Amino acid sequence: MERQHRDEPSGDVRVRRVLPATLERTWHAWTRPDEFAAWVWPPSFASYASMDVAVGGRFLLTSAAAGIGASGTYLAVEEPTRLVFTWCWDGEEDSTTVTVTLGGLGSGTELNLRHEGFTSPQARDDHERGWTDCLERLPGLLAGG
């Protein structure tokens, strides 16, 4: 597992992970609402997701337990290798853009994530910590746990 790094000129967050699941299985973890809700936030959040995974379609991720939510629009859907979507926290006007690229590695998958468009270094740093936390839960879901 590699640690993400920041692209300093743009302030983007970049993450690379090698995951213990096939390309198709990893794609489903990003595009099936029940699976996405299960790993993106901690289990104690009891998250709910809805998704229309198509260009122009929208997603919604909420947690009544944590009192947070986010939503966005899919900008590119290239099954099973590339997903691009906006990300906007409830109550905020600014949105950012997340690009997820997946590549098959035999029985595993290489995941590259880029999150860009932050309005401040603090927002970028908060999302860097958030993605680190989220992606630490993903292998457990992929393994069926």
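How many helices and strands does the secondary structure of the chain come to? It comes to 3 helices and 8 strands.

View 1. Helices (H or I, at least four residues) and strands (E, at least two) are DSSP runs, numbered from the N terminus. Residues are numbered from 1 along each chain as its sequence is written. Since this is a predicted model, local features need pLDDT of at least 70 and side-chain atom pairs pLDDT 80 or more, while totals for chains, interfaces and linings use all residues.

**View 2. The overall size of the chain.** The C-alpha trace spans about 40 × 35 × 30 Å along its principal axes. A compact globule of 145 residues would have a radius of gyration near 15 Å, and the chain agrees, with 14 Å. (That radius is taken over C-alpha atoms, and the globule rule is 2.2 Å times the number of residues to the power 0.38.)

**View 3. Helix α2 and its buried residues.** Buried means under 20% relative accessible area (1.4 Å probe, protein chains only). By that rule, 44% of the chain's 145 residues are buried. In α2, residues 33–40, the buried ones are Glu-35, Phe-36, Ala-37, Trp-39 and Val-40.

**View 4. What covers α2.** Contact here means heavy atoms within 4.5 Å. Among the chain's contacts between residues at least 6 apart in sequence, 40% join residues at least 24 apart.

Technical notes:
Heavy atoms only, no water. Buried < 20%, exposed > 50% of the residue type's maximum accessible area, 1.4 Å probe, protein only.
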